[in-house]
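Me: Can you walk me through this one? I'm new to it.
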Amino acid sequence: MARVVGLNGNYAIAYAVKAVDPDVIAAYPITPQTAIVEKLAEFIANGELDAEYIHVESEHSALSTVVGASATGARVFTATSSQGLGLMYEILFITSSLRLPVVMCLVTRAYSAPINIWCDHGDFMSAADTGWIQYMSTSNQEAYDAIIMAYKIAEDPRVLLPMMVSIDGFIQSHTIEPVALEDEEKVRKFVPKRLREIRLDPDKPVTIGALGDPDWYYEFKVQQQVALEGARKVFDEVVDAFAKEFGRRYGALEPYRVEDAEAILITMGSTAGTFKVAIDKARKEGAKVGMITLKLYRPFPRDDIVKLVSNAKVVAIAERDLFFGAAFPGYLFNDVATSLYLADVRVKLAGFIFGLGGRALRFAEAYDIVKKMWSYALGEAEVPTHPIFVGVRE
Amino acid sequence: MSESKLPGWKSLPIGAVILNPPTSLRYKTGTWRVFRPVIDQDKCIRCRLCWAHCPDGVIKELDKEYVTKDGKKYSVTYEIDYEYCKGCGICARVCPAKAITMVEEVA
């Protein structure tokens, strides 16, 4: 039976990792993630979890360590934030390129400088081109569930790619919410361990991580791209299986009041809850508005987005990152725009940037974004081609 | 190598795993060499330092007797595998007896 307890996001992640019975954990402390691996170390010290906990001197080594362990077929876990992810960067590519089903929790935090420990999605987005499956949760229950699903997705023989599950720094990581902890036997039955046939094994040697010269490299990159695109099918299957087994369903994205909406907001992360209330308020006042909370960022669910917004007049993208110097300086905006253009859907797009470095998005600001979006749909205001920086001082 | 005869992405094992190691033996890295280390068997004191330092493991320790000009008898002999020696010169640098000389390769 599931047991509902009050847990902050970090502990919810640690309990989920314990439930899947990992073999090797390596991590380096960084705020706001540290409590995840502290809790896991405590589980191991108490004899509640039988896993190797490898102390390392940096995040580069943390990810390298779990890469090595995963190559032998071990089930592994690591977690980090911000600068820690930055230090892992070269190994992020190696993990996905070696097709290792590493699962990582990223507790989102702004990149330096200036040094800032608070939430934004700059770190999450900076890994968008590294070949990982990326999932951004919006609640601690969802984070717990997503970790369990992540192992089933990543280790599926049709996928074999690493997966990153994020929770928002402090807003989730340090906030206590009720979380249903599932029976660990049941979880382990849901994500059974199976040794991959090809792994580092002295009795059956293979070479992993060799040179791939120009005659060979390109083919492996296409393989990776095809595998990442194909991971979506497995993701959907696992979502279904999880819903059947545990009664909670998550998708690649979550539409909210979009059926007849003429203006639709797309956002990610824990701020989705604030936007939902803003949508409700605007709806009460007669505005035909809705929203989509995007969960699965890689592979990007472009067909779902196209289907949901193709009848809208305006799509507003509200994101918590800055894509310096891009055609439009928001990662999500670029993905949405490309998706719509490829499908020949011509909807007006408005881009909002908010909450950098943990700047709170107040309800009035969220509501203002929704109202602006609606005024664009009514033709009362021109849709700006530049980003709107919400809540910044000029 | 003709590219068209190589397997495509659909049939290659994933993750660039090599299933029939060690394929590195096919790379005769000795062709990279500019200077060749030459061991003077009379000066060599059989300390094994070159063998320990060689980054490519191309110094062979052979159970081969050798008697020096001065009549000193050794039960082992060190030889270099020139098929793979890249000529880095580390062996010559670490040799305490200065028994290894780097000699320029001539085409």
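Reply: Here is a short tour, going from helices to domains to chains. This is a predicted model: local features need pLDDT of at least 70, side-chain atom pairs count only at pLDDT 80 or more, and totals for chains, interfaces and linings use all residues. Residues are numbered from 1 along each chain as its sequence is written, while chains are lettered from A and ligands numbered from 1 in the order in which they are written.

Me: How do helix 1 and helix 6 of chain A cross?
Reply: The axes of helix 1 (residues 9–19) and helix 6 (residues 140–154) of chain A come within 8 Å and cross at roughly 25°. So helix 1 of chain A is roughly parallel to helix 6 of chain A (angles under 35 degrees count as that). Helices here are DSSP runs of H or I, at least four residues.

Me: Which residues make the contact?
Reply: Helix 1 of chain A brings several, including A:Gly9, A:Ala12 and A:Tyr15. Among those from helix 6 of chain A are A:Asn140 and A:Ile147. Contact means C-beta atoms, placed from the backbone, within 7 Å.

Me: New topic. What domains does chain A have?
Reply: The assignment, automatic or from a database, gives domain 1 (3–246) and domain 2 (253–389). Their centres, taken over C-alpha atoms, are 28 Å apart.

Me: How many residues of each are in contact?
Reply: 23 residues of domain 1 of chain A touch 21 residues of domain 2 of chain A. Helix 8 of chain A gives the most to the domain 1 side, with 5 residues.

Me: And what about chain B?
Reply: The contact takes 16 residues from chain A and 16 residues from chain B. On the chain A side, helix 8 (residues 217–246) has the largest share, 4 residues.

Terms used: Contact = placed C-beta atoms within 7 Å. Helix = DSSP H or I, 4+ residues; strand = E, 2+ residues; numbered from the N terminus. Axes fitted to C-alpha atoms, helices over the stretch in contact; angles between N-to-C directions. Parallel < 35°, antiparallel > 145°, perpendicular 65-115°, else oblique.
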